[in-house]
Amino acid sequence: MTIRASLSPRSLAAPESGIVELVNYARGREGLIPLWVGEGDLPTPDFISQAAQDSLKAGETFYTWQRGIPPLREALARYYQRHFGKTLSPDNFYVTGSGMQAIKLAIEAVTSPGDDVVFLSPAWPNFAASAELSGVRAIALPLSFEDGKWQLDIGKLEDAITPKTRALFVNTPSNPTGWTASHGDLRAILDLARRHGLWIIADEIYALYYYSGVRAPSFLDIMEDDDRILFVNSFSKNWSMTGWRAGWIVAPPEIGQVLENLIQYSTSGVAQFIQAGAVVALDRGDGFVAENVAKAVRSRDMLCDALIATNRVQTLKPDGAIYAFLKIDGVTDARRAALDIVDKTGVGLAPGTAFGEGGSLFMRACFLRDSRQIATAAERLAGYIASL
């Protein structure tokens, strides 16, 4: 038996990321415009980094609160009051080592091996893979794609629910499609969850990247105190902190000890100096977020207008999030096309094959970048499309 074969079937079943495959293939090439991963082109602002440095200099390098330092949980409560008009206690917040860990812990908290979770697809692949690694079957419910727009069929969502279903995973605004649930959609989903006794894992990481208002509709706008909803989120997108690996969960205080235990036995908490930076991001970072959103609007319009003008691309400007999800006429193998595009144009796109059912013919481009880079990328892509 080989060393690899002696590993657990569960670990061997973990899929390679179709996004990371492309990144590893072309990382570091001269002239590359990397639109493949979900991050902007700006480093973390100095006022946030300085707070982390000050914490390090103050010797805050010891074990700390498993649930998150009190100042950070208080800052999260203030953030939700400002942006969601929701009064929450610091006891509603649990700091995690990234949004990915928040998702993983949410899955562990509400499911058991052999259960099902239903998620809306195309979707960021890490949710389904994480669920499967926990012994949970991830059931994709594809959104419909008509006239360049993504839509949810609530009847089909209900049809996907079985006696084994324990949770619904809802990411809105959506990565990768940009689909954004209306309040009507959210009410219909919440009604399903109530009637079937299901948890909702709500990923609202892109709530402020919404282009038809101040922020996207949220389950927080319509839920009651006894609804079974866990909100998972991250500091990555709003404040250019992708490499910091810090996130949070919003949850009922009565399950706080359970979440603390799960944190304890996975990472034992987030470094205090990282949390010190996160406090400042929340309290002083609204202006930076607003600049990022304005930048996203400009770049979204520039990229989508240029590609739609080719008359060979099916898409609409997304309602939310930071991605254009593009269907290029003549492309039948998105993975092969993504490799070809990066070789011939130097533009890195994520293949839709990485995002599950409904995404195989699409390409994802993250447009949260300087408009000059986006203009160059759009010109290169338009030239490539014309050559097909």
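Visitor: Which element gives the largest share of the lining of the second largest pocket, and how many residues make up that share?

Guide: That would be α6, with six residues. Before we dig in, a word on the ground rules: this is a predicted model, where local features need pLDDT of at least 70, side-chain atom pairs count only at pLDDT 80 or more, and totals for chains, interfaces and linings use all residues. Residues are numbered from 1 along each chain as its sequence is written, and side-chain values use heavy atoms, with hydrogens and water left out. Helices (H or I, at least four residues) and strands (E, at least two) are DSSP runs, numbered from the N terminus.

So, the pocket itself. A pocket here is an open set of points on a 1 Å grid over the protein atoms alone, with protein on both sides within 12 Å along at least five of seven lines, and lining residues have an atom within 4 Å of a point. The second largest pocket holds about 370 Å³, where a volume is the space filled by probe spheres set on the points, which are joined across faces, edges and corners. It has 23 lining residues, and P15, P125, N126, A128 and A129 are the ones nearest its centre. Besides α6, the elements that give two or more residues to this lining are β3 and β4. By class there are 14 nonpolar, seven polar and two charged residues in the lining; Ala, Val, Leu, Ile, Met, Phe, Trp, Tyr, Cys and Pro count as nonpolar, Asp, Glu, Lys and Arg as charged, and the others, Gly among them, as polar.

Now follow α6 across to the largest pocket. That one has a volume of about 830 Å³. V37, G38, W124, K237 and R245 are the closest to its centre out of 36 lining residues. The elements with two or more residues in this lining are α2 (18-26), α5 (99-110), α6 (125-133), β7 and β9. Its residues split into 17 nonpolar, twelve polar and seven charged.

P122 sits in the loop between β3 and α6, and the peptide bond from S121 to P122 is cis, with omega near 0°. Another cis bond joins N175 and P176, this time with omega about 25°; P176 is in the loop between β7 and α8 (183-196). Most residues other than glycine have a negative phi, and most peptide bonds are trans.

P122 and N175 turn up together in the lining of the largest cavity, along with F119, L120, A123, L143, F169, N171, S174 and W179. A cavity is a set of grid points where a 1.4 Å probe fits but cannot get out. This one has a volume of about 70 Å³, and the whole structure has three cavities of 30 Å³ or more. β3 (116-121) and β7 (165-171) are the elements that give two or more residues to its lining. The lining has seven nonpolar and three polar residues, and no charged ones.

β3, β4 and β7 bring us to the sheet. They belong to an open, mixed sheet of seven strands, ordered β2-β10-β9-β8-β7-β3-β4; two strands pair if DSSP finds at least two bridges between them. The edges are β2 (93-96) and β4 (137-142), each pairing on one side only.
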